Amino acid sequence: MAEPERTERRLRPAPLLFEPSEAATDPEHFFDLESIEDPLELLLRATELTLAFRAAQERAVEYQALAAAQLADPRRFDRLSPGTIAERAEWTEDYARKMIEFGESLQRDAGPETA
């Protein structure tokens, strides 16, 4: 399930900057995009954010898979079944099994320090 192109596609996206709390409460406010008047600048910044969110999402999925694999590890006395992992992560059991397999492949690719 490991995707060889994933390592080739790793981009250095624009950093996701945290917004001030008062800006986060305004539903119309989104990373200050609403204040950009130049359409080209808006397109570039929105694209940077899109890439950053995609990269963050991909990394988060990898961490979910690693956690699922660790929780399902048969060497753990307190290991969880795919069904229990699915329930806790709000996944289907089939998806949990795939995520466990993906996590195991990530662990193998990373070497002994992750296992």
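**Group meeting: a helical chain**

The accessible surface of this chain is about 8600 Å², and 55% of that belongs to carbon and sulfur atoms. Those areas come from the Shrake-Rupley method with a 1.4 Å probe. A word on the source: this is a predicted model, where local features need pLDDT of at least 70, side-chain atom pairs count only at pLDDT 80 or more, and totals for chains, interfaces and linings use all residues. Residues are numbered from 1 along each chain as its sequence is written, and side-chain values use heavy atoms, with hydrogens and water left out.

Now the layout. The chain has 5 helices and 0 strands. Helices here are DSSP runs (H or I, at least four residues), strands are E runs of at least two, and numbering starts at the N terminus.

How do α3 and α5 pack? Helix α3 (residues 39–72) and helix α5 (residues 93–110) pack at about 95°, with axes 7 Å apart. Axes are lines fitted to C-alpha atoms over the stretch in contact, and angles run from 0 to 180 degrees between N-to-C directions. So α3 is roughly perpendicular to α5, a label for 65 to 115 degrees.

On to the core. The largest nonpolar core has 13 residues. Such a core is a set of buried Ala, Val, Leu, Ile, Met, Phe, Trp, Tyr and Cys residues joined through side-chain atoms within 4.5 Å. Buried means under 20% relative accessible area (1.4 Å probe, protein chains only). The largest share, 5 residues, comes from α5.

Last, I100. Leaving out residues up to four places away in sequence, I100 touches A68, A69, A72, P82 and I85. Contact means heavy atoms within 4.5 Å.

How values were computed: Angles under 35 degrees count as roughly parallel, over 145 as roughly antiparallel, 65 to 115 as roughly perpendicular and the rest as oblique. Buried means under 20% relative accessible area, exposed over 50%, partly exposed in between (1.4 Å probe, protein chains only).
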